[in-house]
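Here are my notes on this one, jotted down as numbered points. Have the structure open while you read.

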Amino acid sequence: MLNKFLIVLVALISVNVAFAQDIIRFKNGRSIEAKILEINEETVRYKKTNYLDGPDINAPISKVVSITYANGETEVFDESETPAPAAAPAEPTPVAAQEPAPAPVAEQPEPAPADEQVAQQPAVAPEPQYVVVPAQQEPAAAPAQQTAAAPAEQPAAAPAAPVQEPQPVKKKKLAPIDNPESGWYQAKRNAFGIWLQPLGVVLWGPLVGISYRHTTAFTIDVHVRIPQLGITYWAVAEQPDDMTGIAFGAQFRKIFATRGGGWFVGGFFDFGVTEAVYNQGAYREKDEQWFSFVASVSGGYRFRFGRHFYMDLGLVVGTLLVSDQDWRYSNALNDDYSSDYDHYDSGYTTAFGMVILTTGIEF
């Protein structure tokens with residue numbers, strides 16, 4: 001029997017604890033049942049007891065009067081707003097009782113007979129009769145009744161949404177030509193320039209050219225190449241005793257601008273004519289002439305230095321096509337001397353690749 005009593009007692013205590021809850025009283029007269037999660041200097045964070053799986057609610061501490069915890073302890077946040085015990089509301093005075101009493105009407109003397117009225121009329125006008133009307137009471141009770149009833153008629157305020165932290169504003173990415181931190185910032189949007197490719201001396205000869213740049217989008221270059229100054233070109237031509245020539249070309253590049261310059265890809269085309277002398281001064285001296293065609297692709301990075309200067313570093317991969325070589329015996333003492341190119345050797349095609357280093361200046 002004692003064990004059953006203890007089990008019932010523990011069950012009652014558990015039920016009491018399970019339904020224990022905190023009560024928050026606000027300055028507008030509302031009271032809600034909640035589970036307090038956190039209290040700081042600015043807000044009270046809680047959950048509604050009828051929706052413990054719902055979102056956290058933050059209420060400004062400035063709107064809270066007091067909190068009564070589940071253990072019966074009460075914490076007051078603003079004593080000036082602590083609600084006093086509710087008094088029995090006074091019964092409103094009937095409207096009829098507040099109406100002013102009607103003014104008394106002065107009794108009029110009975111009228112005299114018709115033949116005596118003239119004689120009894122006073123010579124002067126009678127003094128006016130003043131009726132004293134009691135002062136009406138100010139309708140102060142009506143607003144008081146409305147104020148007292150307002151809290152019961154106001155709809156429950158929606159719970160304050162959790163304070164959202166401000167999201168960082170993303171800065172708009174500026175193009176290099178508009179970015180003060182970029183070497184393109186002070187560059188003209190369209191510009192002409194001159195450039196030199198000295199490393200061409202290692203391959204088909206150095207290049208000198210002029211360029212037109214359209215903003216940071218693309219460039220068009222035209223150039224002149226001096227083939228006789230190219231070490232590789234001279235070796236491929238079988239090391240003539242003397243060589244002269246000239247070549248012209250153009251290249252087109254697409255630029256992908258960055259803060260300090262830009263990546264580029266493009267195509268390179270070149271056409272030239274070369275003349276070489278072999279066995280110069282000997283009886284079998286001969287003079288050869290051929291045409292060359294170069295087609296290649298290039299890629300690399302353009303570094304900008306301030307407003308005018310730039311440098312391209314990249315790689316060119318392509319094909320060199322040499323036409324049939326026309327030649328003649330050019331020593332007048334040779335029995336086969338000819339002033340015309342009347343002999344032919346087959347041309348050839350070769351692939352190549354080279355590193356490019358271009359320096360330029362823009363205006």
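This is a predicted model: local features need pLDDT of at least 70, side-chain atom pairs count only at pLDDT 80 or more; totals for chains, interfaces and linings use all residues.

1. The largest nonpolar core counts 22 residues, and the ones with the most contacts inside it are Trp-204, Tyr-233, Met-243, Trp-290, Leu-320 and Phe-352. Strands β10 (242-257), β11 (261-278), β12 (286-305), β13 (309-322) and β16 (348-362) each put in at least two residues.

2. Have a look at Trp-204 in particular. Setting aside neighbours within four places in sequence, Trp-204 touches Tyr-233, Leu-320 and Phe-352, among others. Its contacts also include Arg-225, Ile-226, Pro-227, Gly-230, Thr-232 and Val-236.

3. What about the other core?

4. Six strands make up an open, antiparallel sheet, ordered β4-β3-β2-β1-β5-β6. β4 (57-60) and β6 (74-76) sit at the edges, each pairing on one side only. Ignoring direction, neighbouring strands here are turned by 40° against each other on average.

5. Zooming in on one pair: β3 (residues 43-48) and β4 run antiparallel and are joined by four bridges. Arg-45 has Asn-58 in β4 as its bridge partner.

6. Finally, some whole-chain numbers. The protein chain has five helices and 16 strands, and 29% of its 363 residues count as buried. Among contacts with a separation of 6 or more, 56% come from residues 24 or more positions apart.

How values were computed:
Residues are numbered from 1 along each chain as its sequence is written. Side-chain values use heavy atoms; hydrogens and water are left out. Two strands pair if DSSP finds at least two bridges between them. Axes are lines fitted to C-alpha atoms, for helices over the stretch in contact, and angles run from 0 to 180 degrees between N-to-C directions. Buried means under 20% relative accessible area, exposed over 50%, partly exposed in between (1.4 Å probe, protein chains only). Contact means heavy atoms within 4.5 Å. A nonpolar core is a set of buried Ala, Val, Leu, Ile, Met, Phe, Trp, Tyr and Cys residues joined through side-chain atoms within 4.5 Å.
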